[in-house]
Every structure is written in structure tokens, then in C-alpha cells.
Amino acid sequence: MSRTALRICPLCEATCGLALTIDGTTVTAARGDRDDVFSRGFICPKGASFGAVDSDPDRLRAPLVRRDGELREATWEEAFDAIAAGVRPVVERYGPNSVGVVLGNPNVHTMAGALYPTVLIGALGTRSLFTASTVDQMPKHVSSGLLFGDANAIPVPDLDRTDHLLLIGANPLESNGSLCTAPDFPGRLKALKARGGTLTVIDPRRTRTARLADRHVAIRPGTDALLLAAMAHVLFEESLVDLGTLAPHVEGVTEVADAVADFTPESVAAACDVDADVTRALARELAAAPTAAVYGRIGSCTVPHGTLASWLVDVLNILTGNLDRPGGALFPQAATDRTPRPAGPGHGFALGRWHSRVSGHPEAKGELPLSALAEEIDTATDTDAATAVEAGEPVRALVTIAANPVLSAPDGDRLDKALASLDFMVSVDPYLNETSRHAHVVLPPPPPAQSPHHDFAFNTLAVRNQVRYTRPAVPLEPGRMAETEILARLILAATGRHGADPAAVDAMVIEQTLGKAVREPHSPVHGRDPGELTAQLTGENGPERRLDMMLRLGPYGDGFGVRPDGLSLRRLLAHPHGIDLGPLRPRLPQPLKTRSGKVELLAGPIAGDLPRLRQALTERPDGLVLVGRRHLRSNNSWMHNIPALTGGSNRCTLHLHPDDAERLGVRSGEPVRVTGAGGEVTAPAEVTDAVRRGVVSLPHGWGHGRPGTRLTHAATEPGVNVNQLLDGTLLDPLSGNAVLNGIPVAIAPAPRP
Ligand SMILES: Nc1nc2c(c(=O)[nH]1)N[C@H]1C(S)=C(S)[C@@H](COP(=O)(O)OP(=O)(O)OC[C@H]3O[C@@H](n4cnc5c(=O)[nH]c(N)nc54)[C@H](O)[C@@H]3O)O[C@H]1N2
Ligand SMILES: Nc1nc2c(c(=O)[nH]1)N[C@H]1C(S)=C(S)[C@@H](COP(=O)(O)OP(=O)(O)OC[C@H]3O[C@@H](n4cnc5c(=O)[nH]c(N)nc54)[C@H](O)[C@@H]3O)O[C@H]1N2
Ligand code: SF4
Ligand SMILES: [Mo]
């Protein structure tokens with residue numbers, strides 16, 4: 001007998017509602033849930049393979065503990081005993097910063113990842129935090145922090161209502177969108193065109209998204225900040241600046257006019273390889289559109305001027321009056337957002353409150369660059385180093401949660417060696433992969449069908465306000481532990497409370513949150529008794545009670561009875577396909593937390609970085625540069641083990657333009673050696689004019705051949721690790737984000753193996 005269960009897809013940021021067919025405890029089919037309030041039945045090939053992802057035989061079923069050098073299956077109790085015994089002595093001897101924490105991408109796709117890592121970091125008291133954000137969107141956080149005073153206030157393009165969309169370094173037809181949660185992004189782009197709107201794509205490759213565009217500009221990689229600055233210049237020069245109703249909320253417009261004065265379309269043309277006429281046309285089209293949204297993603301972030309490019313994206317939205325208006329770029333309001341505080345000056349956003357120990361990189365958003373993880377482990381420093389996180393102790397113990405930095409961060413070989421040298425390492429990961437193979441303890445979370453789901457992060461980035469929650473579609477298999485409980489027990493074991501009831505972690509968070517809420521004058525529960533509120537919480541377990549609390553305190557919440565028709569967990573459970581909360585609405589000035597209470601258009605750190613951009617006007621790299629690419633049926637490093645999702649175009653090949661191939665004597669299918677600052681790799685060539693001259697492309701997340709991993713299918717076609725071409729020194733200085741696109745490389749035909 002088969003049954004159907006609903007489950008929000010965790011495999012990308014689109015968060016589609018799935019209807020799973022379940023036989024016994026096995027997911028045998030997945031289709032789009034037509035009644036889902038947000039995704040309306042959309043599904044992509046990855047979502048359709050949910051069952052295969054869920055039941056991959058290589059997923060670990062029990063914890064692994066290293067004994068006599070070998071990882072062997074163990075009980076949960078033995079695993080947490082080993083963690084307590086491994087982490088505590090390091091903290092006690094070398095201090096809290098000697099324990100590093102690495103958080104990978106799937107933490108934004110799990111409830112556990114949303115609810116526990118901040119508690120872990122706070123309880124450890126460590127500043128050695130490294131996440132996938134610094135190989136991804138940290139520049140956008142820094143830009144938002146400086147503009148709006150809140151690193152998480154990220155405006156998203158109003159896809160369904162805009163008249164003109166300018167996409168920069170994003171390929172949502174393959175990625176399904178990022179920092180812009182929109183199920184069926186491709187369909188929404190087609191609808192934009194069908195209603196007479198225009199789509200412009202800036203990308204060195206003619207991607208599937210670019211092919212859909214009215215205009216495609218094949219820019220030279222790494223130069224978008226110059227192009228965008230020149231567009232801003234044109235807006236000022238041609239008196240096209242019109243802030244509209246934004247004007248009272250923005251300061252620094254004339255300062256920005258001065259700052260972009262040098263960046264004429266003519267002056268950036270050679271560096272960007274974009275004609276001045278095209279740049280002027282881009283600016284005029286943006287200004288002329290009734291509504292428009294500028295949106296940048298990986299190609300605008302993972303570059304040397306990532307923060308400036310991310311900043312300019314919003315500067316253009318602001319100068320054309322498109323920020324915070326329907327059809328422009330708006331701030332979503334998620335159901336679990338904190339109770340909105342009254343508008344007014346805030347604490348502002350600070351950068352560089354501490355620095356990394358070895359290279360002195362400034363922290364951003366409490367994080368150090370993932371690029372610096374290897375050196376923070378393998379390099380000793382003087383105890384009196386001025387830049388020390390704390391006096392000179394390397395990271396000696398490491399907790400990785402849903403992260404595979406050996407493949408996702410620069411110079412995997414160095415990191416691989418560094419991880420092998422740790423006193424102690426624990427990985428929370430379903431796979432024994434390139435990173436977790438170094439752990440002393442591996443804690444495997446259950447597969448997604450056995451986990452609950454709510455999108456804490458992506459609802460703050462969604463093109464429509466809505467809220468959905470799905471309980472586990474399948475009960476936990478015997479011997480499994482929910483990832484929420486794994487992380488709660490990990491917190492206790494790593495912080496000297498080994499063996500305590502994991503529910504205590506949730507109880508502590510609830511007590512702190514409600515205790516704070518009752519003291520806040522603007523809170524719906526101001527002045528009430530936290531104990532009375534706690535008693536009202538519903539839910540089957542700690543994480544559900546925390547979700548209930550957040551919903552009820554949130555902007556649509558019932559305020560614990562104050563607004564009886566407001567949201568609560570109980571109400572959400574009564575709507576299994578979700579609750580629509582309406583289109584994005586203008587919210588300014590409420591989201592602003594700058595010290596001035598206004599949008600600070602030209603913050604000091606931005607102004608301080610502009611000379612570096614001016615310098616780039618004169619740079620003309622003459623050699624080849626490399627960019628990445630994503631494939632629809634893939635996801636970073638961890639889906640190459642699913643046979644249903646590999647093969648076809650989803651292969652680790654080097655794309656290069658026919659003219660470059662001819663000049664270098666490279667033929668399709670033949671191996672080519674690619675050399676960068678951090679090393680070299682050899683991959684088969686795929687000659688294609690989809691990539692512009694002077695640019696080659698390799699996807700990331702490959703390179704699965706290492707011993708001691710358990711990725712049977714991935715090992716049959718391992719590919720190569722593109723990040724081995726990097727040495728970890730190329731960063732966007734303001735955000736610490738790695739430069740992963742536009743990196744200089746040399747290419748030569750390689751002998752056939
Ligand atoms: N050259 C280059 N490098 C890049 C990029 C690029 O474009 N080019 N992109 C960067 C980007 S955007 C990102 S986000 C990073 C990603 O960097 P990472 O987050 O380090 O890499 P992922 O491959 O996403 O690894 C996720 C890990 O989580 C595990 N996992 C999967 N599901 C779960 C789960 O439910 N719970 C737990 N605990 N673990 C789980 C997987 O087995 C895997 O080990 O890579 C970055 N690296
Ligand atoms: N199928 C699939 N979906 C995914 C993922 C995946 O691995 N596979 N990963 C997920 C993750 S973690 C993320 S962060 C998102 C990323 O989502 P996107 O940013 O939409 O994904 P990418 O395909 O990396 O698109 C980046 C584009 O930037 C272009 N580019 C490179 N350098 C430059 C440059 O200097 N300037 C400009 N203008 N363009 C440049 C590249 O050619 C590429 O087409 O995707 C998510 N969704
Ligand atoms: S688009 Fe993303 S969320 Fe939707 S089904 Fe595909 S992988 Fe899942
Ligand atoms: Mo990402």
C-alpha cells in the first residue's frame with residue numbers, strides 16, 4: 001500500500017512543495033504539489049529524484065568513531081562520549097578559539113542548521129567560525145550591512161511584477177535561483193517576457209538564462225563593478241536619477257555622484273570589454289522602465305570587487321527609485337522574522353571587530369574567510385602578533401556541519417593535510433566524503449524524508465511572503481537520531497554538559513527569547529509572564545516548540561493570544577500546503593538599522609575600497625581567466641553520487657571558445673592541463689562558443705577520487721577539483737569572500753592518460 005506525504009524540497013533555494021509517494025518507509029516517487037501555495041506544482045529533475053537522493057545506499061546509517069586510526073561504526077553514546085573527550089581538553093588547554101566551526105551550505109536547508117549552530121558557537125565562545133558564506137554571498141551581506149545597517153536585509157527582485165530585470169552573474173535556469181527564492185524561476189522569467197517585460201543578462205557565458213534574454217552582455221569576468229559604476233555615472237550625467245518616494249530615506253546621493261565621476265562608460269570599456277554605447281543603453285533602459293530590478297549573484301560576488309559590485313546593484317536600484325517598490329527590489333517579511341521594531345536609528349553594522357590570526361583578515365558578520373581555514377590550522381604564529389584572534393593558538397579541534405571545504409574552498413590539498421593534523425575533528429554529515437574522512441567522529445543525520453522542514457532562511461529571501469512547514473514524511477528508522485537532537489547533544493558534549501537532556505538546549509533558547517520579548521516595549525507580549533507564555537507553546541518536540549514561539553512572536557503571529565487569527569504552529573499544521581501571506585510590500589524605513597536611520601548610500605568602508613576599483617580601470621589581463629558553472633542536475637559537491645543525476649551535460653569538462661582552442665591546439669574530448677596559482681588539474685576539453693573568448697569554465701564540487709571516502713558512484717567519474725587552482729590568497733578584502741571567478745589560468749594540451 002502506498003501513501004502520499006508532503007515535503008518541502010531541500011535541494012535548492014527554490015523550496016518547492018513536493019508530494020512524495022511512499023511505499024512502506026521508502027520514497028518511490030516525487031511530484032510537484034499542485035496545491036502548494038508557493039510552488040503550485042513545479043518540480044525540477046533534482047526534486048523528481050528526491051527518492052534516489054533519500055535512499056542512496058552510501059548514506060551512513062550509524063555514527064562512526066575512529067579507533068586505532070580507523071573509522072568504525074559505533075553507538076550514539078560512544079560517539080558523544082568521544083566528542084566530550086576530544087573537544088573539552090582542547091578548549092581547556094588552548095582556549096575557545098582553538099575550536100573551529102565550519103558550517104556548510106545545507107545548514108540553510110535544514111531546520112537543525114537554522115536552530116542550533118548559533119547556540120553552539122555562542123556556547124563554545126569561539127571566534128574561529130568559517131562558513132560557506134565566504135565562498136558565496138558574504139559580499140552581499142556586507143553591502144547590505146553598510147547600506148541598510150542589517151547584513152541580512154537583502155532586497156529581492158520582484159520577479160512577478162517587474163517590467164525590466166537586469167541579471168548579473170546568475171544563471172537561474174540551471175541554479176533555480178539564489179538569494180531570490182522563487183519556485184519555477186524559469187517560468188517566472190518567461191512570464192516576464194510574455195507580459196512585455198525585458199530581460200538583460202550580464203555573463204561571460206551564453207548560459208541558458210542568457211539565451212532567454214532580450215540582451216546578453218558577455219562581460220570580461222571580474223569587471224562588473226566597473227560596468228555598474230559606469231551605469232551609475234550615466235544616470236547622474238544624463239539626469240536620470242529619480243529616487244521618487246525613497247528620497248527622504250536616503251543620504252549620500254551627491255557623495256555617490258562624486259565617487260562614480262571617474263567611471264565613464266568610455267573609461268571602463270576596455271577593462272570590461274563592453275562598448276560605451278552598450279553601457280549607456282543599459283543605464284537608459286533601466287531608468288526608462290516603469291519598474292525595474294537589478295539582481296546580482298555568484299558572478300557578482302565571488303570576484304575581486306564583490307562587495308562593491310553587490311553595493312552597486314542596490315545603488316542602481318536606489319538611484320532609479322526601484323528599491324522598496326512593487327516591481328522593483330523589496331525586502332521580504334518572513335513569518336519567523338523577529339517582531340518588527342519601530343523605525344529609527346539602530347546600532348549600524350561593524351566590520352573587522354577582530355581579525356584572523358595568521359593573515360589578519362577582518363571578520364565579517366562574525367566570520368573569518370573560509371579561504372583562511374587551512375592556514376589557521378597549519379600555521380603557528382607569535383603569541384604577541386598584533387592581529388591575533390587571541391594570543392597565537394592555531395585551530396586544533398574542528399566541528400564541521402554539512403560542509404565539504406576540501407572541495408568547496410580554495411586549495412583543497414592544503415586543507416586536506418591540515419585536517420589530517422587536527423587533534424580532534426567531528427563532522428555532522430550523511431556521507432564519508434573528502435572532508436568527513438578526516439573526522440574522529442562522524443554523526444550522520446537522517447535522510448530528508450525522515451526530517452521536518454521549514455525554510456527559516458529562504459523565506460526571508462522569497463519573492464512572495466508565505467509560510468510552510470512539513471513534518472517528517474517517514475518516521476525515523478530504528479537507530480537514527482533527528483539532526484536537531486544530534487546538534488543539541490553535540491552542543492552539550494562540546495561545552496561540558498555531556499549527557500544532559502537535549503531538550504534543555506531548546507528550553508534555554510525559549511527562556512532567553514521570551515524573557516527578552518516581554519521586556520521589549522514593541523513586542524506583542526510586552527509585560528507578560530514568560531512562564532505563562534512557555535506553557536502555551538505547542539509542538540511535539542523542542543524544535544517544533546521553538547518554531548511555534550517564533551511564529552507567534554513574528555510579524556504575522558498571534559502574539560500569544562493578542563491577535564487570535566494570527567499565526568501559530570497549530571494554525572500552520574492545519575494548512576499542509578502552506579499559507580500565502582501576499583506579495584512583497586514596501587517596508588522602508590522599518591528595516592533600516594543604520595546609525596542614521598537612513599539608507600547610507602556611501603558608507604566609509606565602501607568609499608575606502610573605491611581607489612582599488614579605480615586601479616582596476618587600467619588593468620588589462622591578457623591571459624586566459626577561468627569561471628565556474630552549475631549544472632541543473634547537481635548541487636555543489638554532494639550530488640555526484642546519485643546515478644540518476646549524473647551523466648549527460650553534467651560533467652566536469654573544461655569549456656573553451658573555439659578560437660582559443662585552435663590557438664592552443666586543444667580539441668574537444670582531449671585532456672587539457674589547467675594551471676593556476678594553487679596547482680594544476682587535467683580535465684577533458686569541451687570546445688563551445690557558449691563561453692566568450694579569453695574565458696574558460698570548469699564546474700566546482702568535483703574531485704572525488706580520494707581514498708577513505710565512501711562515494712561509490714561518484715568515484716567512478718570523479719572529475720577534478722577546480723579549487724585546486726587557487727592558493728587561498730585572492731579575496732574581496734571587505735568581505736573576505738574568496739575570488740572563485742575570473743582567476744588567471746594557463747592552458748595546455750595534456751598527454752592522453
Ligand atoms: N570554484 C567554486 N567553488 C565554489 C563555488 C563556485 O561557484 N565555484 N560555490 C560556492 C558555494 S555558492 C557554496 S554554497 C559552497 C558550498 O560549500 P559546502 O557547503 O562546503 O559544500 P557542499 O557540497 O554544499 O557540501 C555540503 C555537505 O553537506 C552534506 N549534507 C547534505 N545534506 C545534509 C544534511 O541534511 N545534513 C548535514 N548535516 N549534512 C548534509 C553533504 O554530504 C556535504 O558534505 O561551495 C562554494 N565553492
Ligand atoms: N543545479 C544546481 N543548483 C544550484 C547549485 C548547484 O550546484 N547546482 N548550487 C546552489 C548554490 S549553493 C548557489 S549559491 C546558487 C548559485 O546560483 P547562481 O549564481 O544563479 O549560479 P551560477 O550557475 O553559479 O551562476 C553564476 C553565473 O555567473 C557567471 N559569471 C562568472 N564570473 C562572472 C563575472 O565576473 N561577471 C558576471 N557578470 N558573471 C560571471 C557564470 O558564467 C555563471 O553563469 O545555486 C544554487 N543552486
Ligand atoms: S527547483 Fe529546487 S526546490 Fe524545486 S524541486 Fe528542484 S531542487 Fe527542489
Ligand atoms: Mo551557495
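F148 and F331 are both buried in this predicted model. The two residues form an aromatic pair, one of three in the structure. Their ring centres lie 5.1 Å apart and their planes meet at 90°, so the pair is edge-to-face. F148 belongs to helix α6 (residues 138-148). F331 sits in the loop between β14 (329-330) and α16 (373-378). The contact therefore ties together parts that are 183 residues apart in sequence.

A further aromatic pair is made by F185 and Y295. Here the geometry is tilted. The rings are 6.5 Å apart, centre to centre, with 40° between the planes. This pair also links distant parts of the chain. F185 is in helix α8 (residues 185-194), Y295 is in strand β13 (residues 293-296), and the two are 110 residues apart. Both F185 and Y295 are buried.

Aromatic rings also meet arginine side chains. R396 lies over the face of Y94, at 3.8 Å from the ring centre.

An unreviewed UniProt entry lists residues 2-58 as "domain: 4Fe-4S Mo/W bis-MGD-type". Over residues 2-58, the chain is 37% strand and 16% helix.

Terms used
Residues are numbered from 1 along each chain as its sequence is written. Chains are lettered from A and ligands numbered from 1 in the order in which they are written. This is a predicted model: local features need pLDDT of at least 70, side-chain atom pairs count only at pLDDT 80 or more; totals for chains, interfaces and linings use all residues. Side-chain values use heavy atoms; hydrogens and water are left out. UniProt positions are given in the numbering used here, feature names are shortened, and annotations may be inferred rather than shown by experiment. Helices (H or I, at least four residues) and strands (E, at least two) are DSSP runs, numbered from the N terminus. Rings of Phe, Tyr and Trp (its six-membered ring) pair if their centres lie within 6.5 Å; planes under 30 degrees apart count as stacked, over 60 as edge-to-face and the rest as tilted. Buried means under 20% relative accessible area, exposed over 50%, partly exposed in between (1.4 Å probe, protein chains only). A charge sits over a ring if NZ of Lys or CZ of Arg is within 6 Å of the ring centre and within 35 degrees of the ring normal.
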